[in-house]
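Reader: I've got a new model open and I'd like to learn how to read its pockets, helix packing and sheets. Can you walk me through it?

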Amino acid sequence: MPRLELLATLEGHQDRVWQASWHPSKTLLATCSGDKTVRLWAPLSLTDPTQWQCVETLEGAHKRTIRSVAWSNTGNELATASFDATTGIWEYDRDNWECAATLEGHENEIKSVAWSATGALLATCSRDKSVWIWEVEADNDFECLSVLQEHTQDVKMVVWHPKLEILASASYDDTIKIWKEDEDDWYCADTLTGHQSTVWSIDFDASGEHLVSASDDETLRIWKMYKPNNPQGIPTHNGEETWKTICTLSGYHNRCVYSVSWSKVNGYIASVGGDNSVRIFAKDVEATEDEESPIYKNIATEQDAHGVYDINGVSWFPNKTHGDWLATVGDDGMVRIWRLIE
Amino acid sequence: MSQNLINANPTVYNTKTIVRKETEAELDDNIEDPIDAQEIFDLIRSISDPEHPLTLEQLNVTQFNHIEVDNEKNKVLIEFTPTIPHCSMATLIGLCIRVRLLRSLPDRFKVDIKVRKGTHQSEGAVNKQLNDKERVAAALENNHLLEVVNQCLATASLRGMEVAVN
């Protein structure tokens, strides 16, 4: 049976940690916290994954909790989303990280920030129920292209398609929305319903044809995209793709699922939540007879991965260098690095 | 002022009946007492109502019988009863209960706070908000709101032993 091995516990944050985000190419992890800082962590040496240090603390730019942190595609910039209703853009200037721009506009707490695959667009979402799309221009200039207001409640998370300029957002209104552009106009191309409570987290698979979502209803759902005139005969509307649940993982987490990460390297899904556990799911290739209703199995579980505390975030290492690594962050203020041993 | 109150003339209940008597085992430091419903009730019974100089116990908002504790599984479920079905203070009262328990209980406990079934017209919405930890965290960063909560909690340490009089 595969299992998770704890490589390191990183101490330093002074409050609960909300999210962990890996640098796209370096062995560098960014984490954000209720202590209003982002910390950057790196191993002391590239040969020993058990010894880590905090190499940088980004502070001073936000007056309240930093809920979300995201690297740009090049890894040269970081975006931070804060309860103070602003988004910070940070860049490395000579010898330290500086907040080079502050994006304002949301009415209240920003819950999530994400860069598109090319780095040309940035998305933010807020308790004000809106999703904003920003265009990244030269010299840390950001222009708001669109304010999308179709969610009826607090928007918890935004995530971009791994290749295309397609955005997904998850909300307290229990739905997921897919957003696309048509000649500079952004619109909602599909609304994914099925979850019975808040959708906290979403992630695409490597192809971008599947999406996984995690909810307060204690389930994970796997959604598949069907194009118009698909061979399966799934009906579509207005020439748009439609997304359908093809698998529901229930009975595993027994409290709210706060975060989910779909590995772009090995295809595994990791989820964490208020039941203090980390769970790893893999597609059961042998048992799956029909690709329209695949079977996923729970291949590894780590109970009490942050002791008695909720786990708020989970993130797979983004490339093959350490494709078996996972970072988790919790209400205990700790950041943990795990390795999946097969 | 009084005509602006949401519930100007609430029913006040007699609270004398249940004051905890400590057992001999509880006085013995060598015996570990599991946290039970009575302990939880004592923590929250004397929280003040946001608009009356009365405790949640006196208004029958919190009741011993509506607390479930599973000490082994680290679970607490509290159901509270708003004084009137359209009470706009319900979320604030629930928040006060949550903050009191956040500050008093060991971290191992997972606390669910709900409006007692059928006692509030926006029951689902209130419950969802009270149990969304991100929104609770954001609310507690609001200084004005925190001040109101702290005011309601100022009497909480009485634990039913004494009636607050203004």
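Reader: Which elements of chain B each supply at least two residues of the lining of the largest pocket?

Author: First, some ground rules: this is a predicted model, where local features need pLDDT of at least 70, side-chain atom pairs count only at pLDDT 80 or more, and totals for chains, interfaces and linings use all residues. Residues are numbered from 1 along each chain as its sequence is written, chains are lettered from A and ligands numbered from 1 in the order in which they are written, and side-chain values use heavy atoms, with hydrogens and water left out.

Author: The general idea is that rolling a probe the size of a water molecule over the atoms shows where empty space is left. On a 1 Å grid over the protein atoms alone, a pocket is an open set of points with protein on both sides within 12 Å along at least five of seven lines, a cavity is a set where a 1.4 Å probe fits but cannot get out, and lining residues have an atom within 4 Å of a point. Helices (H or I, at least four residues) and strands (E, at least two) are DSSP runs, numbered from the N terminus. Here, the elements you want are α3 (90–104), β3 (110–115), α4 (123–130) and α5 (133–140) of chain B.

Reader: What volume does that largest pocket have, and which residues lie nearest its centre?

Author: A volume is the space filled by probe spheres set on the points, with grid points joined across faces, edges and corners. For the largest pocket that gives about 1,200 Å³. Its lining has 42 residues, and A:R16, A:D310, B:R98, B:L102 and B:K133 lie nearest the centre.

Reader: How does its lining divide by class?

Author: Ala, Val, Leu, Ile, Met, Phe, Trp, Tyr, Cys and Pro count as nonpolar, Asp, Glu, Lys and Arg as charged, and the others, Gly among them, as polar. On that scheme the largest pocket's lining has 17 nonpolar, 9 polar and 16 charged residues.

Reader: And what lines the second largest pocket?

Author: That one has about 1,100 Å³ and 46 lining residues, with A:S21, A:V159, A:D203, A:K264 and A:S315 nearest the centre. Strands of chain A that each supply at least two lining residues include β2 (17–22), β10 (110–115), β18 (199–204) and β27 (311–316). By class, this lining splits into 26 nonpolar, 15 polar and 5 charged residues.

Reader: How many cavities of 30 Å³ or more are there?

Author: The count is 2. The second largest cavity holds about 40 Å³, and its lining is B:N7, B:P10, B:D49, B:E51, B:H52, B:T83, B:C87 and B:M89. Those residues divide into 3 nonpolar, 3 polar and 2 charged.

Reader: Now helix packing. At what angle do α3(B) and α6 of chain B pack?

Author: Axes are lines fitted to C-alpha atoms, for helices over the stretch in contact, and angles run from 0 to 180 degrees between N-to-C directions. Here α3(B) and α6 (residues 143–153) make about 75 degrees, with axes 10 Å apart. Angles of 65 to 115 degrees count as roughly perpendicular, under 35 as roughly parallel, over 145 as roughly antiparallel and the rest as oblique, so α3(B) and α6(B) are roughly perpendicular. In the contact (heavy atoms within 4.5 Å), residues of α3(B) including B:L92, B:C96 and B:R103 meet residues of α6(B), among them B:L145, B:V149 and B:L153. The contact has 10 nonpolar, 1 polar and 2 charged residues.

Reader: At what angle do the axes of α3(B) and α5(B) cross?

Author: Roughly 90 degrees, with the axes coming within 12 Å. That makes α3(B) roughly perpendicular to α5(B). B:L95, B:R98, B:V99 and B:L102 in α3(B) meet B:V136, B:A139 and B:L140 in α5(B), a contact of 6 nonpolar, no polar and 1 charged residues.

Reader: Last, sheets. What is the order of the open sheet that has β2 of chain A in it?

Author: Two strands pair if DSSP finds at least two bridges between them. The order is β2-β3-β4-β5 in chain A, with antiparallel pairing. Its edge strands are β2 and β5 (48–58), each pairing on one side only, and the twist averages 30 degrees from one strand to the next. Inside this sheet, β3 (residues 29–33) and β4 (residues 38–45) of chain A share 4 bridges, and A:L29 stands opposite A:W41 in β4(A).
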